[in-house]
Amino acid sequence: MMAAVPMARFSKVIDSRTIVVERIGGTEVVHLTNVAIPAEDEQAARDYLVEKLTGSYVYVENGNVYRSPDALFINRELAYGAYASSSTKMRVFGEVNPGPRPQKSAAPVRGPMRVPKPVHRSRRR
(Lines give C-alpha, C1' and ligand atoms only; values in the text may rest on other atoms or scores of the structure.)
Protein backbone atom coordinates (compact mmCIF):
# COMPACT_ATOMS: atom_id res chain seq x y z
CA MET A 1 0.00 0.00 0.00
CA MET A 2 1.36 3.42 -0.98
CA ALA A 3 1.00 6.40 1.30
CA ALA A 4 -0.25 9.66 -0.18
CA VAL A 5 2.50 12.20 -0.76
CA PRO A 6 1.14 15.68 -0.12
CA MET A 7 2.14 18.71 -2.08
CA ALA A 8 4.94 20.86 -0.67
CA ARG A 9 5.33 24.64 -0.88
CA PHE A 10 8.45 25.86 -2.65
CA SER A 11 10.67 27.78 -0.23
CA LYS A 12 14.01 28.71 -1.85
CA VAL A 13 16.74 27.80 -4.33
CA ILE A 14 20.10 26.67 -2.99
CA ASP A 15 21.73 26.11 -6.39
CA SER A 16 20.66 25.08 -9.89
CA ARG A 17 20.22 21.46 -8.77
CA THR A 18 18.91 21.90 -5.22
CA ILE A 19 15.75 23.48 -3.80
CA VAL A 20 14.12 23.66 -0.38
CA VAL A 21 10.43 22.87 0.12
CA GLU A 22 8.17 23.22 3.16
CA ARG A 23 6.09 20.28 4.28
CA ILE A 24 3.76 19.91 7.25
CA GLY A 25 6.53 18.33 9.32
CA GLY A 26 9.19 20.91 8.41
CA THR A 27 11.51 21.76 5.56
CA GLU A 28 13.12 19.34 3.13
CA VAL A 29 16.12 19.77 0.83
CA VAL A 30 15.43 18.30 -2.62
CA HIS A 31 18.26 17.39 -5.00
CA LEU A 32 16.94 17.41 -8.58
CA THR A 33 17.74 14.16 -10.40
CA ASN A 34 19.25 14.04 -13.90
CA VAL A 35 20.09 17.74 -13.95
CA ALA A 36 23.60 18.87 -14.93
CA ILE A 37 24.07 22.61 -15.39
CA PRO A 38 27.35 24.01 -16.75
CA ALA A 39 29.11 26.39 -14.34
CA GLU A 40 28.68 29.36 -16.70
CA ASP A 41 24.87 28.84 -16.72
CA GLU A 42 24.51 28.45 -12.94
CA GLN A 43 23.02 31.91 -12.30
CA ALA A 44 20.61 31.70 -15.27
CA ALA A 45 19.35 28.30 -14.06
CA ARG A 46 18.91 29.59 -10.49
CA ASP A 47 16.98 32.62 -11.75
CA TYR A 48 14.81 30.30 -13.87
CA LEU A 49 13.97 28.15 -10.83
CA VAL A 50 13.07 31.21 -8.76
CA GLU A 51 10.87 32.56 -11.57
CA LYS A 52 9.05 29.28 -12.19
CA LEU A 53 8.60 28.12 -8.59
CA THR A 54 8.11 31.22 -6.41
CA GLY A 55 4.68 31.15 -4.78
CA SER A 56 3.81 27.67 -6.02
CA TYR A 57 3.33 24.20 -4.65
CA VAL A 58 5.32 21.28 -6.00
CA TYR A 59 5.02 17.52 -6.07
CA VAL A 60 8.34 15.80 -5.35
CA GLU A 61 8.94 12.17 -6.25
CA ASN A 62 12.46 10.67 -6.02
CA GLY A 63 14.11 13.98 -6.88
CA ASN A 64 11.70 14.75 -9.72
CA VAL A 65 9.85 18.03 -9.18
CA TYR A 66 6.49 18.88 -10.76
CA ARG A 67 4.95 22.35 -10.34
CA SER A 68 1.30 22.54 -9.39
CA PRO A 69 -1.30 22.97 -10.86
CA ASP A 70 0.07 22.69 -14.43
CA ALA A 71 2.45 19.76 -13.74
CA LEU A 72 5.44 21.50 -15.33
CA PHE A 73 8.30 18.98 -15.02
CA ILE A 74 11.07 21.19 -13.64
CA ASN A 75 13.85 18.58 -14.08
CA ARG A 76 13.09 18.25 -17.80
CA GLU A 77 12.98 22.02 -18.29
CA LEU A 78 16.44 22.38 -16.74
CA ALA A 79 17.86 19.38 -18.62
CA TYR A 80 16.67 20.85 -21.95
CA GLY A 81 18.15 24.26 -21.13
CA ALA A 82 14.89 26.22 -20.84
CA TYR A 83 16.73 28.68 -18.58
CA ALA A 84 18.85 29.77 -21.57
CA SER A 85 15.93 30.75 -23.80
CA SER A 86 15.75 34.42 -24.55
CA SER A 87 11.98 34.61 -24.64
CA THR A 88 10.41 38.02 -24.41
CA LYS A 89 8.79 38.64 -21.08
CA MET A 90 5.33 40.06 -21.65
CA ARG A 91 2.87 41.64 -19.28
CA VAL A 92 -0.80 42.16 -20.01
CA PHE A 93 -2.26 45.20 -18.33
CA GLY A 94 -5.75 45.12 -19.79
CA GLU A 95 -7.77 45.59 -22.90
CA VAL A 96 -6.74 48.12 -25.54
CA ASN A 97 -9.60 50.49 -26.24
CA PRO A 98 -8.77 52.67 -29.27
CA GLY A 99 -12.10 54.51 -29.26
CA PRO A 100 -15.86 54.20 -29.24
CA ARG A 101 -17.33 51.16 -30.87
CA PRO A 102 -20.57 51.10 -32.84
CA GLN A 103 -23.46 49.68 -30.83
CA LYS A 104 -24.80 46.36 -32.01
CA SER A 105 -28.53 45.96 -32.07
CA ALA A 106 -29.86 43.46 -29.62
CA ALA A 107 -30.98 40.14 -31.02
CA PRO A 108 -34.75 39.73 -31.03
CA VAL A 109 -36.14 37.72 -28.16
CA ARG A 110 -37.60 34.45 -29.32
CA GLY A 111 -40.78 33.05 -27.91
CA PRO A 112 -40.97 29.66 -26.29
CA MET A 113 -40.36 26.71 -28.54
CA ARG A 114 -43.50 24.86 -29.54
CA VAL A 115 -43.38 21.13 -29.16
CA PRO A 116 -45.93 19.15 -31.17
CA LYS A 117 -48.26 16.97 -29.17
CA PRO A 118 -47.71 13.23 -29.60
CA VAL A 119 -50.29 11.33 -31.61
CA HIS A 120 -51.89 8.64 -29.47
CA ARG A 121 -52.99 5.52 -31.28
CA SER A 122 -54.94 2.72 -29.80
CA ARG A 123 -53.12 -0.51 -29.22
CA ARG A 124 -54.38 -3.61 -30.97
CA ARG A 125 -54.21 -6.99 -29.38
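Residues are termed buried when their relative accessible area is under 20%. In the predicted model examined here, buried residues account for 25% of the 125 residues in the protein chain. The accessible surface of the chain amounts to about 10700 Å², and carbon and sulfur atoms contribute 54% of this area.

The secondary structure consists of 2 helices and 6 strands, arranged from the N terminus in the order β-β-β-α-β-β-β-α. Among contacts between residues at least 6 apart in sequence, 48% link residues that are at least 24 apart.

Helix α1 spans residues 42-53 and comprises 12 residues. The distance from its first C-alpha to its last is 16 Å, close to the 16 Å expected at 1.5 Å a residue. Within α1, the buried residues are Glu 42, Ala 45, Tyr 48, Leu 49 and Leu 53. These residues lie on the same side of α1, because the arc that they cover around the axis is only 125°. Their packing partners are the strands β1 (8-15), β2 (18-23), β4 (57-61) and β5 (64-67), together with helix α2 (74-79). Just after α1, Gly 55 adopts a positive phi of about 80°.

The number of salt bridges in the model comes to 4. One of these involves Glu 42, which is among the buried residues of α1 and pairs with Arg 17, with the closest N and O atoms 3.5 Å apart. Since Glu 42 is located in helix α1 and Arg 17 in the loop between β1 and β2, the pair ties together parts that are 25 residues apart in sequence. Arg 17 itself is partly exposed, its relative accessible area being 30%.

A further salt bridge is formed by Asp 70 and Arg 67, for which the closest N and O atoms are 2.4 Å apart. Asp 70 is partly exposed at 44% relative accessibility, whereas Arg 67 has a relative accessible area of 18% and is therefore buried. The side chains of Arg 76 and Glu 77 also meet in a salt bridge, with an N to O distance of 3.4 Å. In this pair, Arg 76 is partly exposed, with a relative accessible area of 37%, while Glu 77 is buried, with a value of 18%.

Conventions. Residues are numbered from 1 along each chain as its sequence is written. This is a predicted model: local features need pLDDT of at least 70, side-chain atom pairs count only at pLDDT 80 or more; totals for chains, interfaces and linings use all residues. Side-chain values use heavy atoms; hydrogens and water are left out. Helices (H or I, at least four residues) and strands (E, at least two) are DSSP runs, numbered from the N terminus. The expected span of a helix is 1.5 Å times one less than its number of residues. Buried means under 20% relative accessible area, exposed over 50%, partly exposed in between (1.4 Å probe, protein chains only). The arc is that of the directions from the helix axis to the C-beta atoms. Contact means heavy atoms within 4.5 Å. Accessible areas come from the Shrake-Rupley method with a 1.4 Å probe; for residues, only the protein chains shown count as cover.
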